[in-house]
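Here are some short notes for a colleague who has not seen this structure before. Please read them beside the sequence and the model.

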Amino acid sequence: MTQFVKPTTSAGTPPAPVPAPVPAPAAAAAAASAAHRATPDGAPTEPTTRVPLTTEEDLLAVRHAVRAATLAVGFGIVDQTRVVTAASELARNAYIHGGGGVLTIEFPHRHGVKGVRLTISDDGPGIADLDSALIDGFTTGAGLGHGLGGARRLMDDFEVHTQPGAGMTVIATRWAHR
């Protein structure tokens with residue numbers, strides 16, 4: 001049975017004009033590929049970036065690629081930090097607990113507002129008790145147990161799809177609030 005955390009949302013206001021996208025750093029760009037996709041409501045997204053999560057170096061590439069994505073959308077320094085921190089926590093969880101995976105970065109639009117959507121997937125053991133895993137202090141390793149719940153608090157929309165023995169996918173979006 002798939003466990004699902006009901007998406008959390010917050011309303012955003014229309015942003016000021018968005019600057020042109022900033023290219024990802026060379027390390028992230030070398031590991032990335034682009035494709036056009038649509039949001040669940042059918043709205044188109046801009047090209048996506050995919051970053052593998054198979055080495056320690058990939059975790060650094062995640063930070064660079066996500067920071068470039070937040071700059072492309074026009075996020076201020078506080079929102080940049082929120083999204084990069086959430087991405088770092090989620091990518092590290094996929095790498096350590098999921099045995100590796102992939103991060104996909106998308107640029108959805110909702111009601112004229114741009115966002116950054118992170119989808120982190122792995123084929124690891126999944127989470128048997130998702131409710132407990134989202135509580136601060138819960139850990140299956142040597143960490144502090146703030147990663148999953150902390151990432152949820154840093155983003156506007158957050159979904160977790162997991163099934164014991166079948167991996168996990170986290171979809172987290174931050175909208176450009178102005």
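1. One cavity of 30 Å³ or more turns up in a search of the whole structure. A cavity is a set of points on a 1 Å grid over the protein atoms alone where a 1.4 Å probe fits but cannot get out, and lining residues have an atom within 4 Å of a point. The model is predicted: local features need pLDDT of at least 70, side-chain atom pairs count only at pLDDT 80 or more, and totals for chains, interfaces and linings use all residues. Residues are numbered from 1 along each chain as its sequence is written, and side-chain values use heavy atoms, with hydrogens and water left out.

2. The largest cavity holds about 40 Å³ of space. Its lining consists of L90, N93, A94, I120, S121, D122, M168 and V170. Two or more lining residues come from each of α3 (77-96), β5 (113-122) and β7. Helices (H or I, at least four residues) and strands (E, at least two) are DSSP runs, numbered from the N terminus.

3. Strand β7 (residues 168-175) pairs with β6 (residues 157-162) in the antiparallel sense over six bridges; pairing requires at least two DSSP bridges between two strands. D157 has T173 in β7 as its bridge partner. Five residues lie between the strands of this hairpin, where G165 takes a positive phi near 85°.

4. Helix α2 (residues 56-73) has 18 residues. Just after α2, G74 has a positive phi of about 95°.

Methods. The expected span of a helix is 1.5 Å times one less than its number of residues. On a 1 Å grid over the protein atoms alone, a cavity is a set of points where a 1.4 Å probe fits but cannot get out, and a pocket is an open set with protein on both sides within 12 Å along at least five of seven lines; lining residues have an atom within 4 Å of a point. Grid points are joined across faces, edges and corners, and a volume is the space filled by probe spheres set on the points.
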